[in-house]
Structure formats: C-alpha cells, structure tokens
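Keep the viewer open and follow along.

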Amino acid sequence: TTEIYTLSLHDALPILESLPRLSPAPRVFICASAIGYFGSRGDELLSEDSPPGVSFLANLIHDWEDAAFGATKYGMRTVVLRFGVILTPKTGALAQLLGQARRGSLMGMGSGKQWMSWSTLSEAVRIINYAIHAPEWNGVINAVTPNPVTNAEFLDVIARFVGRRTRTRLAVPGFLFRLLIGEVADAYLLTSQRVEPRKLQQLHYTFSDPRLEEWLRLQL
C-alpha cells in the first residue's frame, strides 16, 4: 500500500520531522517542484545541474526544494520532480487554447520565441509512479519531455489540429501583459525555459508522449 501525503512550504519542516515517527516510517519522499526554479533563460539549454534563476518565483522554488531534501537526513529516498507545463485536452490551458483556435481567436503571447517545456498529464503520472517505485531514482529530476517547443510552434500545432489553414495569429505584446498583471506576466506567461530531461535519459526512461504533434493527433 502506498501512502501519499501533501504539504505546504509552511508545514514542510514540522511534517518532515514527524514522518520518521510513523509506523511504518516512509521510505520515499516525492516533492512536486517546477521548472520555474530556472527563471526565464531565453535559448539556454537547462539541465538539473543548471543554477537557479533570480526571480521571486525561482527563489521560492529553491527554498521549497531545500526543505524537501530535509527528508534525506531521516533516511528517506528523496526525489524532487521539476514539472513544466502539464497538458491535457480536457481542462486547463490546453482546453482553453483549443477553444480559442476553434473560434479563430487564438492569440500569441509576447514574441512567441519563448520556450515551453512540457509533458502530458499521463506522462507526469507515469513519472511519479516510477519515482515512487524505482530505487535508483534520487535527487532532482526534470519531469519534462525531451522536445520543448516555442510558444509560436505550440500555437501553430494547435491551429493545425482544429482545421485552421492560416497560421496568422494576433499576438499580445509583452509590455501589455506586464502593464496588466505586473511581475506575474514574466513569471508565468512570457518566461522562456528550454529544459532537457537529462536525468530521465540517464535512467533510460522511455517517454510515452515525447512529441507534441504526435500526441495531439491521438487526442483530437
């Protein structure tokens, strides 16, 4: 039987200290982190060994991961999974974008050159399952596919799959996003993170959904 616990950063240390007193004590600690750790890095290829960014979000994620590694001193195998954008056509950002594409109102964000590192929902669940059960999985792991796409490429793929011949899209300038929602625009909408899953490849993990266009073809 697998027991799953969730915790906030505020509660992380007290709960970590209490886990060894459980009977039986947990053998594995899985932390859900994010590639926001890197900040916005343009075209730089980022691995698990790349240094953190300098934004508020990057600092927060850095502290979150540090708290999670406190589990190692209690003898728990600790895996920190850095997730990118997790896609499913049924809900979330992808469902909204598909709706926009069908209405012919799909809009780009900023220059469109910013990189998006992603995985599908089913791939993310599969990676978590491996992290729980595979004893050789340790430390930080970038839980993304090996094929990131730019924002422009991502929207082009969506447009093709809803039958839109034209790839011409309205694009909301980055400065307008910043004017409307401030620092959050850079942290979530305009950030560029070209992340590689180097550790997963070293662990010989086989991706079930490695390419965006092929995966979408099976969904739509």
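Start with Ser-33, which is buried at a relative accessible area of 7% (buried means under 20% relative accessible area, exposed over 50%, partly exposed in between, with a 1.4 Å probe and protein chains only). You'll find Ser-33 in strand β1, residues 28-34. Leaving aside residues up to four places away in sequence, Ser-33 touches Ile-61, Trp-64, Glu-65, Val-80, Leu-81, Arg-82 and Phe-83, where a contact means heavy atoms within 4.5 Å.

A word on ground rules. This is a predicted model, so local features need pLDDT of at least 70 and side-chain atom pairs count only at pLDDT 80 or more, while totals for chains, interfaces and linings use all residues. Residues are numbered from 1 along each chain as its sequence is written, and side-chain values use heavy atoms, with hydrogens and water left out.

Now zoom out. The chain has nine helices and eleven strands; these are DSSP runs (H or I of at least four residues for helices, E of at least two for strands), numbered from the N terminus. Of its 220 residues, 43% count as buried. Among contacts between residues at least 6 apart in sequence, 82% join residues at least 24 apart.

Met-116 gives you another inside view. This residue sits in strand β6, residues 115-116, and is buried, with a relative accessible area of 13%. Not counting residues up to four places away in sequence, Met-116 touches Val-85, Pro-148, Val-149, Phe-154 and Gln-193. The C-alpha atoms of Met-116 and Glu-153 are 9.6 Å apart, although 37 residues separate the two along the chain.

On to the helix packing. Helices α3 and α5 pack at an angle of about 60°, with their axes 9 Å apart; the axes are lines fitted to C-alpha atoms, for helices over the stretch in contact, and angles run from 0 to 180 degrees between N-to-C directions. The pair is therefore oblique (under 35 degrees counts as roughly parallel, over 145 as roughly antiparallel, 65 to 115 as roughly perpendicular and the rest as oblique). In α3, Leu-94, Leu-97, Leu-98 and Ala-101 meet Phe-154, Leu-155 and Ile-158 of α5. That contact has seven nonpolar residues, no polar and no charged ones (Ala, Val, Leu, Ile, Met, Phe, Trp, Tyr, Cys and Pro count as nonpolar, Asp, Glu, Lys and Arg as charged, and the others, Gly among them, as polar).

Helix α5 (residues 151-161) also packs on helix α9 (residues 212-219), at about 30° and with axes 11 Å apart. These two are therefore roughly parallel to each other. Phe-154, Val-157, Arg-160 and Phe-161 of α5 make the contact with Leu-212, Glu-213, Leu-216 and Arg-217 of α9.

Which residues of α9 are buried? They are Leu-212, Trp-215 and Leu-216. They lie on the same side of α9, because they cover an arc of only 100° around the axis, the arc being that of the directions from the helix axis to the C-beta atoms. Their packing partners are β4, α3, β7, β9 and α5.

Most residues other than glycine have a negative phi, and most peptide bonds are trans. The bond from Ser-23 to Pro-24 is cis, with omega near 0°, and Pro-24 is in the loop between α1 and β1. His-204 has a positive phi, near 60°. It is found in the loop between α8 and α9, and at 68% relative accessibility it counts as exposed.
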